[in-house]
Amino acid sequence: MTEMMKAVQLHEFGGPEVLLHEEAPRPTRASDEVLVRVHAASLNPPDLYLRDGYRALPAEWRPNATFPLILGTDVSGVVAAVGDNVSQFALGDEVYAMVRFPEDLIKGSGAYAEYVRVPTSELAIKPAGISHIQAAGAPMSLLTAWQFLVDLGHHAPNPFQSFNHAPIPLDGKTVLVNGAGGGVGHLAVQVAKVKGARVIAVASSKHQALLRDLGAEQFIDYTTTSVEAAARDVDLVIDAVGGPHIDRFLRVIKPGGALFLVNPLGFSGHDEATERGITVSSTQVRSNGAQLAEAGRLLKDGTIRVVIDSVYPLAEASAAHRRASRGSIQGKIVLSVV
């Protein structure tokens, strides 16, 4: 008889109202996987895009999904079962992970649920001293910051460009983070600071006190001040916002500098970047348990921290998605499962 669990499922694409909290079959772990009893799961932009059917993409790129599907990649919880070939994790271990991303980008990785199966290569021990809520907020955002700024960690083909992304040494450099108050942005500020950079944070005024506390030496309120007027001779800009106007940052980067695009779709300044001698680069974040273990040491000792915007019960995932759609998020939105 199939064991069941509570999960948030999609039976069709649409707005937050299509997220249904209901009974679903409990997943079965493979020989190289563990089954995690989820304590918390966080929201990320791909969750919203998939729920909506990736309508912002060209028609030929949109998913042909099999319903029902369960959204979500980022989890923190406790190992409930281990596969026959698993030796590095045991029952009762507290763990966190970004689950099967981007492999399950189109069909959902299953994190909005009481249980999720996770390959051991994507899993890490949860940093001691932080809650499951904080740990669940970390994986995708922390891995994005880490893979852009510290270590790519893989050799998979880059879907956004013909060359592999390569982080640059940050010690003594000036790094500007656009969208610094959000999930990726607030962690990119901290990672850059840890690696020895002077950090300029760009966000709205509500984030200023937080970003100063996280280590930003200069703050630019983009609602009142243009970045071009307030910054110059920057070594690296990492943009966590995207959109059609990102080429304006080329004017604040010194020749030989770099512009890293978390979302490169819509960027049209490649010719100008070449003229200015600026490297433009992007990459696709990928699940990586070893990197979560490495970066997790910085969470464990408090060197970096995950800021939580808001917490919703799993049953109120639709309300969490409505909160995400309103924008102006500070840190991460998390679903509490246990």
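Visitor: How many aromatic pairs does a search of the whole structure find?
Guide: Three. A pair needs ring centres within 6.5 Å, counting Phe, Tyr and the six-membered ring of Trp; planes under 30 degrees apart are stacked, over 60 edge-to-face, the rest tilted. Mind you, this is a predicted model, where local features need pLDDT of at least 70 and side-chain atom pairs pLDDT 80 or more, while totals for chains, interfaces and linings use all residues. Residues are numbered from 1 along each chain, and side-chain values use heavy atoms, without hydrogens and water.

Visitor: Why is the pair of Phe13 and Phe67 called edge-to-face?
Guide: The centres are 5.0 Å apart, within the 6.5 Å limit, and the planes sit at 70°, over 60, so edge-to-face it is.

Visitor: What makes Phe13 partly exposed?
Guide: Buried means under 20% relative accessible area and exposed over 50%, with partly exposed in between (1.4 Å probe, protein chains only). Phe13 comes in at 26%, so it counts as partly exposed. Phe67, at 31%, is partly exposed too.

Visitor: How do you know that the charged end of Arg26 sits over the ring of Tyr115?
Guide: The rule wants NZ of Lys or CZ of Arg within 6 Å of the ring centre and within 35 degrees of the ring normal. Arg26 is 4.0 Å from the centre of the Tyr115 ring, and it is listed as sitting over that ring. Arg37 also lies over the face of Tyr115, at 5.2 Å from the ring centre.
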